[in-house]
Amino acid sequence: MQAGLQALMEMLAEIRLLDSVTAVLQWDQETGMPPAAGGLRARQLAWLSRRSHDIYTSHAFFNLLEKLVDMESGSAHDDAASAEQRRLLYLAWRRWKRHNALGAELVSRIAEHESRTQQAWTHLRPRNDYSTFAPLLREMLDLKRREAEAISLGPTLYDSLLDAFEPGMTASQLERIFATLAARLVPLIARILGSSRYRDDDPFLPGPYAENTQEALCREVLVAMGLDMQASRLARSAHPFTIGINPRDVRLTTRFNPGDFRPAFFAAVHEGGHALYEQGLKLEPYGSPLEEAASMGLHESQSRVWENQVARGRPFWNWFLPRLRRAFPQRLDGIDLDTALRGVNRVQPGLIRVEADEVTYTLHIIMRFELERDLVNGRLDVDELPEAWNARSEFYLKLRPPDDRDGVMQDVHWAFGGFGYFPSYALGNIYAAALLDRARRDLPDLDNSLAEGRLTVLTQWLRRHVHSRGSRLFGADLVADLTGAVVSAEPYLDYLETKYSQIYVTS
Ligand SMILES: [Zn+2]
């Protein structure tokens, strides 16, 4: 078995190298590439993704894998294989299954249609033109339904697509979790908005907030979080993101608004959480599927635990507010701790997901989940989608979009075929709350540490219990293993209710 496993690892390392080259090109595309280079860049990226698809679908890969695992279930033939080896083989088998299910024709049609639909969305959204977008979206949906049929990793077509982002999670589990969330979030929002202490004004003065001072603050917090700046780089882009080329080369971006320091700061902290996770994965053995993020939802939990639970919390602001005031004395001299906390925890239902606050955010996800599940499972037609969107927006957010631009066309995800992606955002919040509950049990002094700026106390806990475990368990299983309970929305709801009753006294 050892020789076969060694040969398989060499092929996996080659695939990882191809993926890392892709990541460098993607970073360049988002941060520095001249606009005219776009055409050839698309060909370079498509060529690289075909090379790794070719390896997964090669006879050599099949022959090696077949000797090591049962090709129906992915379980190891060798009874003497260790638990780590079994898991590694199972993960390699899952990838083989995904790539081999699709076939070259479907892979290239999806890739081509993704880029066409995404480009169309870019110019059709500002024009509020859903009727031109609809046929493209319908074809995207048909292709993804074909993909789901081919993969067949769950009871419904939607489950097969969800599995690409959140392996092991099912739509029916999500339905249960989301029902609990909606049942408590909707009344919580009503209590906050109805509270006599509720104010929707912004306590922070508008800018100018000098960009270089904003950037220095972002760097200071990233260093305090424990990000290794020798193995990362902070740049700027229109949409902040993080890309892990390998654990020794993790890059993140933020964007600056001279009128408000918050967008750059919270984006940097959010991306910093993603970047810490990427830096905490093991570099060796290179290419091992064990040393990868456990799921998209778990990745998102690493950003949200920092952005929301830490950096919008009272202990952190004890430490951070004096620094912020020193950085912008004319703007923020009069701000005290309670006012600052109100300023970074404003609750205001709105139409746009990416602008949503921590409390209303998950409702945006629930409605997207319900719509994409129904689209993929054939219970909702693309022509009915705008009205279904507006109806759900009224139901959950009590707001009706005035047009499709700020309604059904606001997100790019469906245009690039990312059906099954949205739930990761909500799971990120849920996992983050559960993980932090467990961390507090291990670290009873955590809030005092955060209040003194010793943020790496949390980083070290996450390193040990989350990052270094890679994909040995998938997201929900890893959280369940750490907390001793099946993943549920309760810790997240308890956290929100406690925090916002302190800010707004809503009981
Ligand atoms: Zn994120």
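**Exercise 1. Locate Ser152, and decide whether it is buried or exposed.**

Step 1. Ser152 sits in the loop between helix H6 (130-151) and helix H7 (157-162). Helices here are DSSP runs of H or I with at least four residues, strands are runs of E with at least two, and both are numbered from the N terminus. Residue numbers start from 1 along each chain as its sequence is written. The model is predicted: local features need pLDDT of at least 70, side-chain atom pairs count only at pLDDT 80 or more, and totals for chains, interfaces and linings use all residues.

Step 2. Check the backbone. Ser152 is not a glycine, yet its phi is positive, about 35 degrees. Most residues other than glycine have a negative phi, and most peptide bonds are trans.

Step 3. Count neighbours. A residue is buried if 20 or more other C-beta atoms lie within 10 Å of its own, exposed if 12 or fewer, and partly exposed in between, with C-beta atoms placed from the backbone. Ser152 counts as exposed because it has 12 C-beta neighbours inside 10 Å.

**Exercise 2. Find two cis peptide bonds and place their prolines.**

Step 1. The bond from Gly207 to Pro208 is cis, with omega near 15 degrees. Pro208 is in the loop between helix H8 (171-194) and helix H9 (211-225).

Step 2. Glu284 and Pro285 are also joined by a cis peptide bond, with omega about -5 degrees. Pro285 falls in the loop between H10 and helix H11 (296-310).

**Exercise 3. Work out the strand order and pairing of the sheet.**

Step 1. Set the order. The open sheet has 3 strands, in the order S1-S3-S2, with mixed pairing. Two strands pair if DSSP finds at least two bridges between them.

Step 2. Find the edges. Strand S1 (232-236) and strand S2 (242-246) are the edge strands, each pairing on one side only. The twist averages 20 degrees from one strand to the next.

Step 3. Take the antiparallel pair. S2 and strand S3 (residues 249-254) are joined by 4 bridges. Gly244 has Val250 in S3 as its bridge partner. Asn246 stands opposite Asp249. A hairpin connects S2 to S3 through 2 residues.

Step 4. Take the parallel pair. S1 and S3 share 5 bridges. Ala235 is partnered by Thr253 in S3.

Step 5. H10 lies across S1, S2 and S3, at about 165 degrees to S3. Such angles run from 0 to 180 degrees between N-to-C directions, and the axes are lines fitted to C-alpha atoms, for helices over the stretch in contact. In S3, 5 of its 6 residues are buried.

**Exercise 4. Identify the residues that touch the most other members of the largest nonpolar core.**

Step 1. Define the core. A nonpolar core is a set of buried Ala, Val, Leu, Ile, Met, Phe, Trp, Tyr and Cys residues joined through C-beta atoms within 7 Å.

Step 2. List the residues. Of its 104 residues, Ala268, Ile366, Ile430, Tyr431 and Leu435 touch the most other members. Helix H17 (residues 423-442) gives the most to this core, with 10 residues.

Step 3. Follow one residue. Leaving aside neighbours within four places in sequence, Ile366 is in contact with Phe178, Leu181, Ala182 and Tyr396.

Step 4. Look for another core. A second, separate core of 16 residues includes Leu8, Phe61, Leu64 and Trp96.

Key. Contact = placed C-beta atoms within 7 Å.
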